[in-house]
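Reader: I would like to learn how to read helix packing from a model. Could you take me through it step by step?

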Amino acid sequence: MTPRHLALAVGLAAVWGVNFVVMQVGLRHFPPLLYAGLRFALAGFPALLFVGRPQVPWRWVAGVAAAIGVGQFGLLLMGMRAGMPAGLTSLVLQAQVVFTVVFAVLLLGERLTARRVGGLSVAFAGLALVAFDFGLSGPAGAFALCVAAAAAWGLGNVLQRRAAPPDSLRFMVWVSALSAPPLLLLSFLVEGAPRLAVPAEGWLSLAYVAFVSTLGGFGVWGWLLHRYDASTVAPYTLLVPVFGLSSAALLTGEPLSWVKVAAGALIVAGVLYAGGRPRFRFRSRSAAPAPPERAASAAPRP
């Protein structure tokens, strides 16, 4: 990456990390399902005027909207409203990597290598450490909702990988648009008639998560993925909990204990190891090179 693009990737991680503190502010003024529904309505419907069709079958758009829009963000915001701190939430959500691998093995038939098992075991140990520490002082239900949100995100990742949209921003605009109606309907059924007479702080929070984090964030994400391999760009998302924990400590006074730091290190290290590739491969001297036609068939397709 060029220094300019590197700064853009780190800045994107900062925007998504601070997003958890901003959502915590918004939840002071909106119930969680209404907040999620308004977020996707603001992000999706105006943008539909400027983008075309999603370029993938509608069933994949609806599936990702159900998993990520309704499932992930509905459960996530309910967990935060139930008492899950913003910084810790940003860390727990990294469990989505574990669920993504599990769903990819079950639904896509991907191979579960020893390297992945080892890395994900380390990441799971970090998550267990967070659960033990938070369970001593916080509501277990809130933690369980955030873990369920990570599972929904993992399922959404697999569905999105299966859909393979050529334009990630256009795809997310349609996902946002399809996520808003069921969230708003659920809000009406569960939370009652909406009350929109809230202070400017609540609307500024909504504007940030809708336009800066959702549209701007995925726009930058798609722009970077268009220029670099996913293996180059994806590791920078591991900075999200770093910015999430630090911004929560600075802006809300959320304590940053050594347990959180150790758990974060385990989760990040495990995810990096599971997603990486061995640098060195050893071949037997007696192994003969593959025939040309076999080697050609094994080459990746464009």
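Reader: How are α3 and α7 oriented to each other, roughly parallel or roughly antiparallel?

Author: This is a predicted model, in which local features need pLDDT of at least 70, side-chain atom pairs count only at pLDDT 80 or more, and totals for chains, interfaces and linings use all residues. Residues are numbered from 1 along each chain as its sequence is written, and side-chain values use heavy atoms, without hydrogens and water. Helices are DSSP runs of H or I with at least four residues, numbered from the N terminus. Axes are lines fitted to C-alpha atoms over the stretch in contact, with angles from 0 to 180 degrees between N-to-C directions. Angles under 35 degrees count as roughly parallel, over 145 as roughly antiparallel, 65 to 115 as roughly perpendicular and the rest as oblique. The axes of α3 and helix α7 (residues 140-163) come within 8 Å and cross at roughly 165 degrees, and α3 and α7 are therefore roughly antiparallel.

Reader: At what angle do the axes of α3 and α8 cross?

Author: Helix α3 (residues 58-81) and helix α8 (residues 168-191) have axes that come within 8 Å and cross at roughly 55 degrees, so α3 and α8 are oblique to each other. Contact, meaning heavy atoms within 4.5 Å, involves residues including Trp58 and Trp60 of α3 and Phe171 and Trp174 of α8.

Reader: Where does α1 bend?

Author: A bend at a residue is the angle between axes fitted to the seven residues ending there and the seven starting there; α1 bends by about 30 degrees at Phe20.

Conventions:
Helix = DSSP H or I, 4+ residues; strand = E, 2+ residues; numbered from the N terminus.
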